[in-house]
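Let's take a walk through this fold together, from its overall dimensions down to a few individual side chains. Keep the viewer open as you read.

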Amino acid sequence: MENAPDSAREALDVALSSGLPYTGLRDFEPDPRLFHYVPLTYALSHHLLPLLIVGDTLKVASPVADPDLSLLRTRFPYLAVDIVIAPGPEIDRVLERAQRTP
């Protein structure tokens, strides 16, 4: 991914400069049901990780402040999407684990 931060410090800088929340994902276990909203192949190619859904709002981790959410907006036009900044390598590790989960 172009210009994606590759460290926790850089991701924190993105969060601070964009005014978006930051989270670390070291012990995060994704809910496989959320890949209904963000298909795993899309998540892998766009560095997006669905974190949780509350009501009609899906929280998604991204290493950048303006990720490509076109698929989500097309498939679920009434679903609000909140971005949470997270380090790219941590997103990648969680997505790798999700790939191995049956």
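**From the whole chain to single residues**

The protein chain has a radius of gyration of 13 Å, which agrees with the value near 13 Å for a compact globule of 102 residues; this radius is taken over C-alpha atoms, and the globule rule is 2.2 Å times the number of residues to the power 0.38. This is a predicted model, in which local features need pLDDT of at least 70 and side-chain atom pairs count only at pLDDT 80 or more, while totals for chains, interfaces and linings use all residues. Residues are numbered from 1 along each chain as its sequence is written, and side-chain values use heavy atoms, with hydrogens and water left out.

Helices (H or I, at least four residues) and strands (E, at least two) are DSSP runs, numbered from the N terminus. The C-alpha atoms fill a box of roughly 30 × 30 × 25 Å along the principal axes. Of the contacts with a separation of 6 or more, 57% involve residues 24 or more positions apart, where contact means heavy atoms within 4.5 Å.

Now look inside. Buried residues make up 39% of the 102 residues; buried means under 20% relative accessible area, exposed over 50%, and partly exposed in between (1.4 Å probe, protein chains only). The largest nonpolar core has 27 residues, and L25, V38, L49, L58, A61, L72 and I91 touch the most other members. Such a core is a set of buried Ala, Val, Leu, Ile, Met, Phe, Trp, Tyr and Cys residues joined through side-chain atoms within 4.5 Å. Two or more residues each come from α1, α2, β1 (49-54), β2 (57-62), β3 and α4 (88-100). Leaving aside neighbours within four places in sequence, V38 is in contact with A43, L48, P50, L58 and L72.

The partners sit 39 residues apart, Y37 in the loop between α1 (8-18) and α2 (40-46), F76 in the loop between α3 (70-75) and β3 (80-85). Y37 is partly exposed at 21% relative accessible area, whereas F76 is buried at 17%.

Finally, visit H47, in the loop between α2 and β1. Most residues other than glycine have a negative phi. H47 has a positive phi of about 55° although it is not a glycine, and at 13% relative accessibility H47 counts as buried.
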